[in-house]
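Let me put the model up and then walk you through the parts I marked.

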Amino acid sequence: MLSPINLCNSALFLCLTLATTIVQGQNSRATSSASYLERGNKSLEKGELERAIADYDLAIAFDGSSAINYYNRALARYRKGDAENALRDYTRAIELDPRLGAGYRGYVLELTSQTWRSEKDVDRPVWKHWLTIVKPEKV
């Protein structure tokens, strides 16, 4: 049978081991998030938008509290022409870190073109366009 002192030492050792494991797990998740973020950034620089978005998805899966993960995915989505999801990601990034939007106000206008040809004539008779305006709050 363990003495009270040995029992306390064993319990303390178990708590420290568990705390160390949790911290290592968190560090591993942060490292994984950072590596996917970096790889996504490289893909974005090359114009490989689908791959960049996939890497940012993984970075967010590992660290959903990082505003930069959402911000970079928004940028890739915007460049791909997916303004709706880009706006969601930009909004989430600012929710996580309000400093990202400090001093600016952004507007995204969705425009739909007039239907001027039928589907028999063209594959897309209706076109969508987005106009993004970012205005500094102080000029």
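So, Glu95: it is exposed, because its relative accessible area is 53%, and here buried means under 20% relative accessible area, exposed over 50%, and partly exposed in between, with a 1.4 Å probe and protein chains only. Glu95 sits in helix 4; helices are DSSP runs of H or I with at least four residues, strands are runs of E with at least two, and both are numbered from the N terminus. Across from Glu95 you can look for Ser65, which is 30 residues away in sequence, with 10.0 Å from C-alpha to C-alpha.

Before I go on, this is a predicted model, so keep in mind that local features need pLDDT of at least 70, side-chain atom pairs count only at pLDDT 80 or more, and totals for chains, interfaces and linings use all residues. Residues are numbered from 1 along each chain as its sequence is written, and side-chain values use heavy atoms, with hydrogens and water left out.

The overall layout, then. The protein has 4 helices and 2 strands, and from the N terminus the order is α-α-α-α-β-β. Of its 139 residues, 21% are buried.

Now the salt bridges. A salt bridge here is a side-chain nitrogen of Lys or Arg within 4 Å of a carboxyl oxygen of Asp or Glu, and the structure holds 9 of them. One of these joins the side chains of Glu50 and Lys80, at 2.8 Å from N to O. That pair ties together distant parts of the chain, with Glu50 in helix 2 (residues 49-62) and Lys80 in helix 3, 30 residues apart. Lys80 counts as partly exposed, because its relative accessible area is 44%.

Next, go to Arg73 and Asp89, whose side chains meet in a salt bridge at 2.7 Å, N to O. Again the pair links distant parts of the chain: Arg73 belongs to helix 3 and Asp89 to helix 4, 16 residues apart. Are these two partners buried or exposed? Arg73 is buried, with a relative accessible area of 11%, and Asp89 is buried too, at 3% relative accessibility. While you are at Asp89, look at Ala74: the two are 15 residues apart in sequence, but their C-alpha atoms are 5.0 Å apart in space.

Then there is Arg99, which forms a salt bridge with Asp97, the closest N and O atoms being 2.9 Å apart. As for networks, salt bridges that share partners join Asp57, Arg73, Arg77 and Asp89 into one.

Gly101 is buried, as its relative accessible area is 18%. From Gly101 to Thr91, 10 residues apart along the chain, the C-alpha atoms are separated by 9.0 Å.

On to the pocket. A pocket, on a 1 Å grid over the protein atoms alone, is an open set of points where a 1.4 Å probe fits, with protein on both sides within 12 Å along at least five of seven lines, and lining residues have an atom within 4 Å of a point. How much space lies in the largest pocket? About 480 Å³, where the volume is the space filled by probe spheres set on the points, and grid points are joined across faces, edges and corners. Its lining has 17 residues, and Leu87, Tyr90, Ile94, Gly106 and Val134 lie nearest the centre. Helix 3 (67-80), helix 4 (83-96), strand 1 and strand 2 each supply at least two residues of that lining, and helix 4 has the largest share, 6 residues. By type, the lining divides into 12 nonpolar, 4 polar and 1 charged; Ala, Val, Leu, Ile, Met, Phe, Trp, Tyr, Cys and Pro count as nonpolar, Asp, Glu, Lys and Arg as charged, and the others, Gly among them, as polar.

Last stop, the surface. Tyr107, Leu109, Leu111, Leu131 and Ile133 form a nonpolar patch there, with about 420 Å² of accessible area together. Patches are made of residues with over 30% relative accessible area and no salt bridge, joining nonpolar side chains (Val, Leu, Ile, Met, Phe, Trp, Tyr) within 5 Å and like charges within 9 Å; the areas come from the Shrake-Rupley method with a 1.4 Å probe, and for residues only the protein chains shown count as cover. Strand 1 (104-112) and strand 2 (128-136) each supply at least two residues of the patch, with strand 1 giving the most, 3 residues. Ile133 is in strand 2, and it counts as partly exposed because its relative accessibility is 35%.
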